[in-house]
Amino acid sequence: MNGSVPARVQGIYDEVLRRNRGETEFHQAVREVLESLAVVLDRHSEYSEMKTVERICEPERQIIFRVPWQDDRGEVQINRGFRVEFNSALGPYKGGLRFHPSVDLGIVKFLGFEQIFKNALTGMPIGGGKGGSDFDPKGRSDAEVMRFCQSFMTELYRHLGEYTDVPAGDIGVGSREIGYLFGQYKRITNRYESGVITGKGLGWGGALVRTEATGYGAVFFAQAMMETAGESFDGRRVVVSGSGNVAVYAVEKVHQLGGTVVACSDSSGYVVDEKGIDLDVLKQVKEVERSRIDQYAERVGTARFVADGSIWDTPCDVAIPSATQNELGEDAARTLVQNGCRYVVEGANMPTTPDAVRVLREAGTAFAPGKAANAGGVATSALEMQQNASRDRWTFEHSETRLEEIMRGIHDRCHATAEEYGSPGDLVLGANVAGFLQVAGAVHAHGLI
């Protein structure tokens with residue numbers, strides 16, 4: 001980031017601020033894209049004349065609704081549900097549902113806006129959207145989660161459909177929640193519409209590799225970056241923040257490609273294991289027992305748990321932030337640079353702050369934005385939709401091959417676009433411009449709607 005919005009798009013940004021007050025994460029996501037688009041508007045005057053950027057910055061539809069449900073004690077609880085159907089120029093709205101106390105309209109709009117360009121970069125026929133609720137599934141029983149999901153879907157179902165809007169999982173929404181949500185949709189509509197939601201169980205319409213897709217995809221993208229520089233994962237030290245779905249499978253793929261992940265984390269702290277994270281123990285602690293990360297250190301003699309400080313203090317060659325938005329700040333970026341980090345690849349949505357991105361880019365650290373690097377999840381969701389539409393099921397190997405092809409294609413497209421628009425190696429600009437051009441072309445083709 002250059003720290004300022006180019007004058008060419010300043011007016012657009014000012015209007016976004018005026019119309020969406022207090023939505024800081026959304027402002028940040030829009031600004032990051034606008035900083036790349038001045039060069040596009042200079043070459044394509046029609047995008048200014050037809051207010052294309054302004055139209056893409058305004059969601060097609062924003063849905064906010066009440067979600068009442070009853071807990072195990074019989075007490076009535078009230079949560080708020082969201083679905084922002086941002087842009088359908090390329091296909092039905094596609095994007096996850098997030099259940100977390102931090103969810104508000106600004107968070108959902110930031111995620112939905114990013115999703116537009118991420119989905120466009122995959123080359124798949126899917127638009128951008130996002131949704132969720134401020135409900136927290138942590139500490140809730142299966143019965144409570146089921147009742148909440150059924151209430152949530154009782155309102156949301158009317159806005160969904162395999163040709164309209166296809167949600168998936170995100171933070172707080174895994175296979176359990178997807179099952180409850182799909183069951184209620186099926187019950188209300190009397191249709192077994194497999195393609196209406198993705199991330200389903202393998203026994204009832206789900207796709208192989210979907211669980212691994214975002215983590216695998218980020219590592220495939222990193223591999224493509226490294227190969228462009230004549231390097232590989234062999235012998236590389238890697239730090240992956242988080243220990244959820246994305247992080248676990250990023251660790252798995254890094255190890256398969258010859259690298260060593262030496263640290264991972266959760267909200268309680270982080271563990272460092274110089275011998276390399278033991279994936280079996282990590283999966284047992286986080287996926288089976290749903291315990292805190294300190295349990296890993298208690299079971300692995302070579303590991304140490306750090307409750308305070310930053311995981312980015314751990315020296316590494318490759319950093320893959322995979323937890324949540326704005327987790328990697330300016331100071332952490334400086335530490336990474338000082339410790340010789342060569343690549344930062346976003347596994348989560350916008351986990352690196354603008355100031356941190358500026359530090360990395362000024363230092364010459366190769367940086368991959370989330371809208372490109374973590375597109376593996378939604379790409380595989382689109383592959384799940386394909387399989388549902390054809391009543392088919394692909395093998396793990398075929399699905400993983402398709403995922404790798406898509407991620408390499410995204411990298412190559414971002415790399416080529418950055419060169420074409422005068423910023424060789426700038427994958428932020430490459431991703432923003434390539435995604436925008438794909439969406440803008442469809443927006444114009446459909447007329448003023």
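Start by colouring the aromatic side chains: the count comes to 17 aromatic pairs. Keep in mind as you click around that this is a predicted model.

Select Tyr47 and Phe436. Their ring centres are 5.4 Å apart and the planes meet at 85 degrees, which is over 60, so this pair is edge-to-face. Tyr47 belongs to helix H3 (residues 45–49) and Phe436 to helix H17 (residues 427–445), so the pair ties together parts that are 389 residues apart in sequence.

Next stop: Phe65 and Phe152. Here the centres are 5.2 Å apart with planes at 50 degrees, so call this pair tilted. It links distant parts of the chain too: Phe65 is in strand S1 (residues 61–70), Phe152 is in helix H6 (residues 142–156), and 87 residues separate them.

## Into the cores

Which residues have the most contacts inside the largest nonpolar core? Pick Phe221 and Ile410, in a core of 57 residues. Then highlight helix H8 (residues 213–228), which supplies eight residues, the largest share of this core. Colour by domain next: domain 2 (59–189) and domain 3 (212–372) both give residues to this core, so it lies between them.

Zoom in on Phe221 and show what it touches. Leaving out residues up to four places away in sequence, Phe221 contacts Ala368, Ala372, Ala373, Met407, Ile410, His411 and Leu427.

Once you've had a look around, hop over to a second, separate core of 40 residues. Val9, Tyr13, Phe86 and Ala120 are among its members.

## Charges over rings

First, show Arg43 with Tyr421: the charged end of Arg43 sits over the Tyr421 ring, 4.1 Å from its centre. Then show Lys253 with Tyr216, where the charged end of Lys253 sits over the ring of Tyr216, 4.4 Å from its centre.

Note on methods: Residues numbered from 1 in each chain as written. Predicted model: local features only at pLDDT ≥ 70, side-chain atom pairs only at ≥ 80, totals over all residues. Heavy atoms only, no water. Core = buried A, V, L, I, M, F, W, Y, C linked by side-chain atoms within 4.5 Å. Buried < 20%, exposed > 50% of the residue type's maximum accessible area, 1.4 Å probe, protein only. Helix = DSSP H or I, 4+ residues; strand = E, 2+ residues; numbered from the N terminus. Domains from an automatic or database assignment. Contact = heavy atoms within 4.5 Å. Phe/Tyr/Trp six-rings, centres within 6.5 Å; stacked < 30°, edge-to-face > 60°. Lys NZ or Arg CZ within 6 Å of the ring centre and 35° of its normal.
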